[in-house]
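Please look over the sequence and the fold before reading on.

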Amino acid sequence: MKKRKILLYSLLSISLTINILVFSLDTIPYVWPKVKSKYFPERTIVSVNTDTEKIIIERGLQMISSSKPQMVWDDPRGFTETLLNMSKTTNSKEFRLNNYPRAFLFYGLADYFSKINDSDNLDKLKNLFDKLIFENNKNVLINRIDQVPFGLTSLILYDVYKEEKYLYYSEKLYEYTIGSIENDGLISYRKGQEVILNDVLGMTVPFLIKYDDYIEADLKYIIRQQLAFYIEHGIDQDTYIPVHAIQRENKIKLGSANWGRGIGWYAIALSQWYKETGEFEKEYFGLMESFKKIQSSENLWGQFPGRSDGFDASTTTMFLYSLALNFNDSINKNDVLNSIKHYISSDGTILHTSGDTYSANYYSRSFGKSELSQGMLLLLLSELYK
């Protein structure tokens with residue numbers, strides 16, 4: 001009888017534990033965002049004024065000071081799949097903090113503070129950067145292309161503080177990037193990958209262009225090769241819009257033909273190169289013209305521009321930044337902020353960024369806050385600073 005009771009209580013305990021886990025790992029992650037969006041929406045700014053830019057900057061600093069990742073990295077996937085994926089590297093805190101969203105937030109803040117000569121806030125940013133890159137990463141481990149954009153901040157800090165560690169870190173990022181070049185001369189997102197992704201252009205080209213000023217070797221041939229391959233094999237020749245990926249060997253276009261963030265990655269790389277060299281003018285102006293044709297009814301852009309009227313903060317800020325890099329005089333900062341004010345929370349966070357993309361043809365259906373969009377908005381504001 002006693003053994004029966006023990007067995008019964010054990011089964012009840014296991015059942016209760018499983019139910020709690022299912023509720024916490026499956027039901028809540030799936031239901032709560034929908035409930036929150038419908039019944040507890042974020043309060044957004046009512047009007048743009050002199051404080052608007054300040055709260056966006058302050059919020060950026062708060063986000064970069066937090067050890068909690070903001071980017072949506074996963075869609076709700078159910079109990080079993082969530083448990084099985086818990087040990088994956090992509091679920092680790094290190095992966096999610098030492099990655100491209102936070103890299104671009106650092107860069108947006110560093111670019112802004114250096115441009116307006118805000119030494120106090122740049123000192124704060126320096127301390128946070130040192131903690132993430134040097135204190136928490138004793139050997140300066142670099143093992144993915146997603147880390148390369150951190151080099152943009154590192155070079156700004158080197159220019160301001162003249163500390164050799166920043167140039168050393170940038171050199172390590174450069175060496176990793178060059179080491180990711182395969183036999184065909186193209187940078188792989190992951191070593192040995194059979195496809196070329198437009199993400200890689202946005203993560204590497206801006207850094208390589210900037211780092212070219214700090215090295216004796218001329219990097220322009222390498223940079224141009226990345227863009228030239230994509231222009232020849234990965235864009236639509238009528239609209240100049242790129243597909244997400246290209247099959248490396250057979251040059252077959254893969255993935256979405258209108259993935260907004262991917263277009264943004266390509267646009268930023270192309271815009272930086274055009275600004276530097278004046279090359280690929282037809283492709284750059286053709287793409288900027290297409291941006292106008294795929295705007296939503298709000299004159300903004302969604303996760304898949306041209307398909308719906310939804311808003312994606314990463315797509316919109318990347319498109320506007322790539323335009324501002326060469327035409328900042330034609331863009332009014334207040335007009336930009338007014339156009340997106342319904343998507344900026346009262347605490348200065350830009351809302352509604354699509355989650356991390358898993359691969360070509362496999363895109364997130366979840367939206368939330370993101371260091372990437374906050375950083376891109378700050379880069380845009382820095383570019384429009386008069």
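Leaving aside residues up to four places away in sequence, W265 touches Y100, F104, N198, D199, L201, G202, M203, W259, M318, L372 and M376, where contact means heavy atoms within 4.5 Å. The model is predicted, so local features need pLDDT of at least 70 and side-chain atom pairs count only at pLDDT 80 or more, whereas totals for chains, interfaces and linings use all residues. Residues are numbered from 1 along each chain as its sequence is written, and side-chain values use heavy atoms, with hydrogens and water left out.

**Whole chain**
- Of the 386 residues of the chain, 52% count as buried, meaning under 20% relative accessible area with a 1.4 Å probe and protein chains only.
- The chain has 15 helices and five strands, which are DSSP runs (H or I of at least four residues for helices, E of at least two for strands), numbered from the N terminus.

**Helices α6 and α7**
- The axes of α6 (residues 119-135) and α7 (residues 150-161), lines fitted to C-alpha atoms over the stretch in contact with angles from 0 to 180 degrees between N-to-C directions, come within 11 Å and cross at roughly 125°.

Definitions and conventions. Buried < 20%, exposed > 50% of the residue type's maximum accessible area, 1.4 Å probe, protein only.
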